[in-house]
Amino acid sequence: MGTIQMSNPATGEVIGQLHEKTEVEVHEAMRHARNAFPAWRQTPLTERIEYIKQLRIYLVQHAEEIADKIVADTGKTRVEALMTEVYASVEFLKYYEKEAPSILKTRKVRTPLALFGHRSEVQYRPMGAVAVISPWNYPLQLSLVPVVSALLAGNTVLLKPSEVTPLTGVLMEEALASSGLPRHVVQVIHGGKSVGQHLIESLPDKIFFTGSVATGKKIMAHAAEHLIPVSMELGGKDPMIVFADADLNRAINGALWGGLTNAGQTCISVERLYVQFEIYGAVATRLREQAEELQFYNGHEGDIGSMTDPRQVEIVEEQIRDAVEKGATILCGGKRTEPGSLYFEPTVIVDVDDTMKIATEETFGPVIVMMPFHTEEQAIQLANHSTYGLSASVWTKDLNKAHRISNQLECGSVGINNVIVPFANPHMPFGGVKHSGIGRYHGPEGLYAFCHTTSVMVNKGTKKRELHWYPYTKEAENAIRSLIRSMYGDRFRLSKTELKNIWKQFRRQE
Ligand code: NAD
């Protein structure tokens with residue numbers, strides 16, 4: 001059995017240890033989840049919502065303590081822990097408590113004339129025992145939102161939190177237990193990569209994965225062998241496009257926050273800042289000045305927390321080294337505050353081109369990479385020139401132009417004169433295109449991601465036959481021909497005789 005060390009990345013202080021689940025335990029948990037599924041799917045939605053409400057109230061009542069633990073687990077600032085973890089989670093929970101009944105309600109739909117006598121409806125049915133595998137950058141909300149979506153849709157859930165932030169895994173286990181959910185309806189499977197692999201090998205009925213592209217590909221390859229449906233929330237290299245007519249104060253403040261919040265470890269952070277040539281120099285100077293004014297978080301106050309995972313700091317250092325070797329200029333930052341520390345200086349880099357890793361690969365650190373552009377067309381071409389397509393932002397006072405550009409960006413969400421925020425609106429679906437992911441969550445799509453959409457067509461069952469059943473008669477053929485002509489041509493054309501024949505055929509075997 002493996003053991004995970006829990007330590008505070010900002011201070012290095014060891015917080016404790018956590019036992020990883022064994023392969024046998026993971027498979028046992030899956031058995032429990034499958035056994036708990038039939039009763040849970042029959043539990044009325046109103047009752048399921050009541051459990052989620054209890055969870056939300058627990059999160060609110062323990063918000064300070066939860067924020068403390070997340071700060072200790074991730075190194076992020078207290079404002080970030082409260083805002084992007086606790087607040088974001090309860091906001092989404094409340095949205096789904098209110099909206100789940102209308103989202104999951106069986107939907108009556110119209111029935112074509114040729115199927116006269118039938119009633120049609122679309123149902124949203126749970127999938128079974130589902131796996132949610134989550135990352136370390138927002139360990140609470142990126143776990144709880146999909147877990148709660150899956151539960152409300154009637155699934156039982158196995159959550160594997162990131163081994164990089166195990167303390168948050170423990171606090172989620174406590175929070176979920178506090179809601180009084182029936183045994184084994186949700187289980188937290190602590191552990192690292194191999195535990196994640198065991199979970200996938202236990203053949204869940206759906207995999208909801210948030211994490212890196214590399215892991216996403218491995219999980220998808222395994223899922224493909226067993227045709228397990230997947231949602232993939234993967235990495236990004238988001239562009240921010242700033243035109244000369246933008247409000248510069250707002251754009252610079254937005255770029256700083258969008259590039260550096262959570263020490264840049266945000267899937268939808270600003271990773272490529274494209275600035276129109278006329279204002280490029282001024283923006284670079286002010287970005288550098290303002291970045292240098294930001295304060296490191298000291299456990300009580302400050303703007304920039306420590307990074308969370310030592311391996312991620314090494315990736316950032318390697319990308320900066322590669323960029324500098326190839327001719328990039330560091331305007332500020334570019335290094336840790338001291339050797340061994342996970343605090344990384346807010347960094348602004350210019351003279352960047354596509355031969356550099358920092359321009360094309362996800363950096364996931366407090367680094368803003370600036371590049372100039374001249375025209376709208378060039379901005380769009382540069383923004384779309386990426387294997388990723390998670391999110392993007394466009395900054396200009398000309399909203400027509402903003403929409404024109406937004407419509408041509410290849411990504412899952414766009415902010416106009418803002419950044420990151422489309423993710424925070426629970427009504428809006430979220431996800432990526434290209435290597436940034438497959439599928440959507442948040443909004444109604446967030447519940448449908450955990451449903452089998454099932455179509456049911458109802459007939460009273462009193463007629464012997466349908467129009468299109470055997471025996472195939474000349475009259476039925478004529479009726480079908482008349483239907484095609486009348487219903488789907490450029491204008492309605494049906495003689496009385498044809499109408500009579502159609503009607504007769506519909507009623508022929510009553
Ligand atoms: P990661 O891929 O290393 O790990 C994510 C999770 O997968 C962890 O729980 C890990 O233990 C598990 N895992 C690793 N290998 C596995 C395997 N073979 N089988 C099953 N599970 C396995 O990602 P990370 O470093 O934790 O997270 C950072 C990445 O997540 C970044 O690329 C970031 O952009 C992305 N991300 C995406 C979104 C989004 O919504 N699109 C949100 C946040 C983070």
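Phe-373 is buried, at a relative accessible area of 0%; buried means under 20% relative accessible area with a 1.4 Å probe, protein chains only. This is a predicted model, in which local features need pLDDT of at least 70, side-chain atom pairs count only at pLDDT 80 or more, and totals for chains, interfaces and linings use all residues. Residues are numbered from 1 along each chain as its sequence is written, and side-chain values use heavy atoms, leaving out hydrogens and water.

The whole structure holds 13 aromatic pairs (rings of Phe, Tyr and the six-membered ring of Trp, centres within 6.5 Å; planes under 30 degrees apart are stacked, over 60 edge-to-face, the rest tilted). In one of them, Phe-243 and Phe-373 have ring centres 5.1 Å apart and planes at 80 degrees, so the pair is edge-to-face. Phe-243 lies in the loop between β10 and α9 (248–260) and Phe-373 in strand β14 (residues 367–373), so the pair ties together parts 130 residues apart in sequence. Strands are DSSP runs (E, at least two residues) and helices likewise (H or I, at least four), numbered from the N terminus. Phe-243 is also buried, at 1%.

Phe-423 is buried with a relative accessible area of 9%, and Phe-430 is buried at 2%.

## Asp-238

Asp-238 lies in strand β10 (residues 238–242). The side chain of Asp-238 reaches the backbone nitrogen of Ser-391 at 3.1 Å.

Terms used: A polar contact is a pair of N or O atoms within 3.5 Å; within protein, one must be able to donate a hydrogen and the other to accept it, and residues adjacent in sequence count only if both atoms are side-chain atoms. Buried means under 20% relative accessible area, exposed over 50%, partly exposed in between (1.4 Å probe, protein chains only).
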